[in-house]
Amino acid sequence: MADNKFVYFFGGNKTEGKNSMKDLLGGKGANLAEMANLGITVPPGFTITTEVCVQYLKDNGYPGGLLEQVDAAIIKLEEIIGKNFGDDSNPLLVSVRSGARASMPGMMDTVLNLGLNDSSVVGLARNTDNPRFAYDSYRRFLTMFGDVVLGIEHDRFEHALSEKKHSLGVKQDTELDVNALKELVEQFKLIIEEETGEKFPQDARKQLMMAINAVFESWNNQRAITYRKLNNIPMDWGTAVNVQAMVYGNMGETSGTGVAFTRDPATGHKRFYGEYLINAQGEDVVAGIRTPRPISTLKEAMPAAFKQLEEIYIKLENHFRDMQDIEFTIEQGKLYMLQTRNGKRTAAAAIKIAADMVEEGLIDKKTALLRIEPNQIDKLLHPMIDPKATLQVVATGLPASPGAAVGKVVFTAEHAEEKANAGAKVILVRTETSPEDIGGMNAAEGILTVRGGMTSHAAVVARGMGKPCVAGCGEISIDIKKGVFFAGSCTVNEGDYISIDGSTGHVIIGKVPLITPEVSGELKTILQWADEVRTLGVRTNADTPYDATVAREFGAEGIGLCRTEHMFFGEARIPVVREMIMADTEASRRSALAKLLPMQREDFVGIFRAMDGYPVTIRLLDPPLHEFLPNHEEALEKLMELEKNNAPAHEINRVKKVMERVEFLKEINPMLGFRGCRLGVVYPEIYEMQVQAIIEAACELTKEGMSIVPEIMIPLVSHVKELQIVKKQVVKVASDVMADKDVKINYKIGTMIELPRAALTADKIAREAEFFSFGTNDLTQTTFGFSRDDAGKFLPAYIEQSILEHDPFAVLDQSGVGELIKIGIDKGRSTRRDLKIGICGEHGGEPSSIIFGHKVGLNYVSCSPFRVPVARMAAAHAALQEEEMNKK
């Protein structure tokens with residue numbers, strides 16, 4: 001530990017810290033020191049560093065010398081305040097608060113009024129000539145110490161307080177007289193003795209050390225751990241502890257306490273926004289026991305204090321150049337600042353504040369961009385649940401596609417389409433979705449599945465559609481015959497309303513109010529600034545002209561992945577696809593393919609038009625073929641029904657043939673089975689049809705004067721010879737079509753790197769491929785040996801036990817999968833220096849994965865249309881972070 005200095009003093013003329021020391025002093029401690037340096041009145045105190053917390057939690061003890069430094073800081077504090085800690089006649093009381101590097105509002109613990117005991121409360125009452133205030137402070141201290149330090153349920157104290165108010169016929173704490181408060185103090189001490197088996201500690205020094213221990217230990221309470229996971233705050237940072245002289249907002253009608261923001265944290269508008277309470281301490285404002293007053297009314301209640309507060313908040317915002325969240329106490333008319341920190345804000349507010357501050361000259365564009373987390377932008381593009389709503393959450397699955405939706409439960413795609421066509425809003429609830437469900441998925445407001453992961457069919461399709469999806473919700477079970485699903489003790493019938501939140505994974509009973517955030521003019525401005533600094537291209541994953549158009553509106557610079565198997569979905573097409581799959585000769589297969597050809601060509605014409613000259617990477621067919629056939633159970637039920645009804649023999653034989661084909665195509669592990677380029681090697685006529693459709697569409701639009709840039713991508717290559725064989729087919733078909741149409745198309749042939757062997761032999765593969773696109777969904781699956789559809793059964797335990805920091809299907813595993821990507825890039829470009837390389841898995845829309853892609857030299861990332869603005873911002877962050885690193 002640096003210089004063995006563990007304690008830093010602030011206040012008076014003895015301040016030792018400053019704002020730049022947040023890693024060591026935590027945000028609260030560093031900012032208290034900074035305010036003191038600015039000449040703002042803060043109650044003096046001292047900060048015990050985050051390094052002490054880390055050692056305390058690791059070794060279950062303090063470093064040598066800490067206690068002596070704490071004693072020395074207390075002596076300084078006594079000198080400044082003119083009171084003595086632990087003294088009966090003139091007691092110095094302190095608050096003990098946490099303060100991590102990153103703001104974690106309400107996640108860790110605080111103790112106020114520490115230092116009171118049975119004797120010092122008498123001295124406090126005498127010195128202030130206010131016995132009611134003294135005993136009010138004592139009962140507050142006993143409550144917080146009992147809860148935070150001794151682990152006693154807060155409700156025990158609250159119940160006793162409520163009973164006391166009820167017995168006296170009063171509603172507010174402030175209506176309790178001194179005698180009632182004295183009785184509560186005795187009752188609270190009895191609760192502590194009953195719960196712990198020991199009397200409440202009267203020694204102030206013992207109280208202090210117990211409270212410091214408790215605050216350090218609160219770093220690992222469950223709510224703090226959860227908050228850090230949700231906000232990507234490292235677990236090993238630790239918290240500082242701030243010990244600060246108490247000032248009292250509960251000394252009567254000339255005292256009070258409040259919390260305020262220098263701008264509206266919900267909208268970002270430039271107005272002082274907050275609340276306060278008269279005759280209260282800070283916890284009262286956030287506890288909701290009393291209704292606070294709007295900060296604007298403080299101007300009439302305490303004009304001098306309000307004027308001073310206005311001057312300070314403007315000074316703080318100008319100094320920190322960001323919207324501030326401040327806490328203050330007024331003690332008998334005198335204002336004290338207890339905290340300032342960069343305020344939490346909604347996504348809409350973050351964008352408005354950043355844009356406004358550039359306009360005001362407070363910050364530059366680059367600073368504004370770094371102020372906005374890329375994922376905040378995502379929240380502006382989807383409906384969300386009103387944060388004021390009361391929710392009955394009955395189950396939680398994976399947050400597979402963001403946004404919220406409300407609708408009536410339906411269990412089949414057919415019902416979804418039927419109800420939606422009749423004007424109803426529905427949520428499609430399925431064990432898992434399949435290509436056949438596409439119509440119902442499109443008709444539904446949102447999708448909920450029992451099985452599947454973040455890259456399951458439901459998740460990928462929902463993200464592409466911009467629809468909310470909760471996947472892998474194993475807490476629910478469906479009885480489709482009865483038309484119900486069960487979640488714990490709740491039974492939900494078809495037709496009942498539920499709500500889902502695809503940003504949290506929550507499944508909620510009933511209808512909840514939704515908010516549709518507005519995409520403001522500031523967002524467009526901010527994204528233009530992002531485009532000015534980013535060097536990484538941003539494309540989209542799009543399979544339809546509609547998706548392509550949406551993506552272009554969001555700023556996509558081409559298509560990085562067009563999944564042609566998704567074009568086969570739909571009522572009109574699946575029968576033709578099944579005809580192709582059922583074919584047992586090449587001739588019959590070509591007959592079915594001839595029917596699909598115009599459909600495919602029409603799709604490509606629409607997509608090329610939507611992209612209007614931007615590159616379009618089209619992946620040739622890559623499905624496990626069984627996905628397009630009815631499942632065995634459905635076919636069996638159909639067969640039994642036909643036999644029961646004495647159906648004609650040819651109908652029965654047709655169903656039997658389907659069942660035989662289903663069994664033939666059934667694979668133990670279809671994700672590693674007969675798919676990708678293996679299909680093109682065995683059935684070359686399938687890829688021939690697709691290439692013909694692509695090149696014919698390109699020729700048609702080229703004749704119209706459009707610039708068409710097709711990139712034909714061959715999937716699931718593991719060996720260069722696979723690529724050679726399929727590439728030869730592609731070149732022949734493309735040449736034949738161009739000769740027939742008398743049009744020259746500048747197309748490229750490349751491959752998807754989604755298997756470890758492909759990455760390890762990328763130098764050989766690059767001899768044949770003009771571009772690489774890393775399919776990180778499959779590359780993650782094959783690197784870990786995790787089934788992406790089944791991993792949800794154990795991944796939560798892996799993350800809980802810190803085996804993995806994140807779900808690797810949601811956030812790229814940089815140390816494993818990322819190493820394969822780097823090997824693939826280096827080897828590929830060692831053969832072909834101008835090799836264009838991108839990522840088209842779901843990681844292409846995840847900010848930390850995008851930043852990794854920038855570092856390793858990708859040309860572009862590709863993501864679902866609604867993630868394009870997120871990717872643009874993340875790519876800008878990557879460029880700005882690199883710029884900062886280069887300056888050092």
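This is a predicted model: local features need pLDDT of at least 70, side-chain atom pairs count only at pLDDT 80 or more; totals for chains, interfaces and linings use all residues.
Q: Why is Met 209 called buried?
A: The relative accessible area of Met 209 is 14%, and buried means under 20%, so Met 209 counts as buried. Met 209 is part of helix α8, residues 204–217. Leaving out residues up to four places away in sequence, Met 209 touches Tyr 62 and Leu 67.

Q: How many aromatic pairs does the rule give?
A: The count is 19.

Q: What makes the pair of Tyr 56 and Phe 216 tilted?
A: The planes of Tyr 56 and Phe 216 are 35 degrees apart, with 5.8 Å centre to centre. Stacked requires under 30 degrees and edge-to-face over 60, and the rest count as tilted. The pair joins helix α2 (residues 50–59), which holds Tyr 56, to helix α8, which holds Phe 216, across 160 residues.

Q: Why do Tyr 56 and Phe 216 count as buried?
A: Tyr 56 has 7% relative accessibility and Phe 216 has 0%. The cut-off is under 20%, so Tyr 56 is buried, and so is Phe 216.

Q: What makes the pair of Phe 145 and Phe 200 edge-to-face?
A: The angle between the planes of Phe 145 and Phe 200 is 85 degrees, at 5.6 Å centre to centre; edge-to-face needs over 60. Phe 145 lies in helix α5 (residues 131–149) and Phe 200 in the loop between α7 and α8, so the pair ties together parts 55 residues apart in sequence.

Q: How do you know that Arg 539 lies over the face of Tyr 860?
A: Arg 539 is at 4.0 Å from the ring centre of Tyr 860, and the distance limit is within 6 Å.

Key
Residues are numbered from 1 along each chain as its sequence is written. Side-chain values use heavy atoms; hydrogens and water are left out. Helices (H or I, at least four residues) and strands (E, at least two) are DSSP runs, numbered from the N terminus. Buried means under 20% relative accessible area, exposed over 50%, partly exposed in between (1.4 Å probe, protein chains only). Contact means heavy atoms within 4.5 Å. Rings of Phe, Tyr and Trp (its six-membered ring) pair if their centres lie within 6.5 Å; planes under 30 degrees apart count as stacked, over 60 as edge-to-face and the rest as tilted. A charge sits over a ring if NZ of Lys or CZ of Arg is within 6 Å of the ring centre and within 35 degrees of the ring normal.
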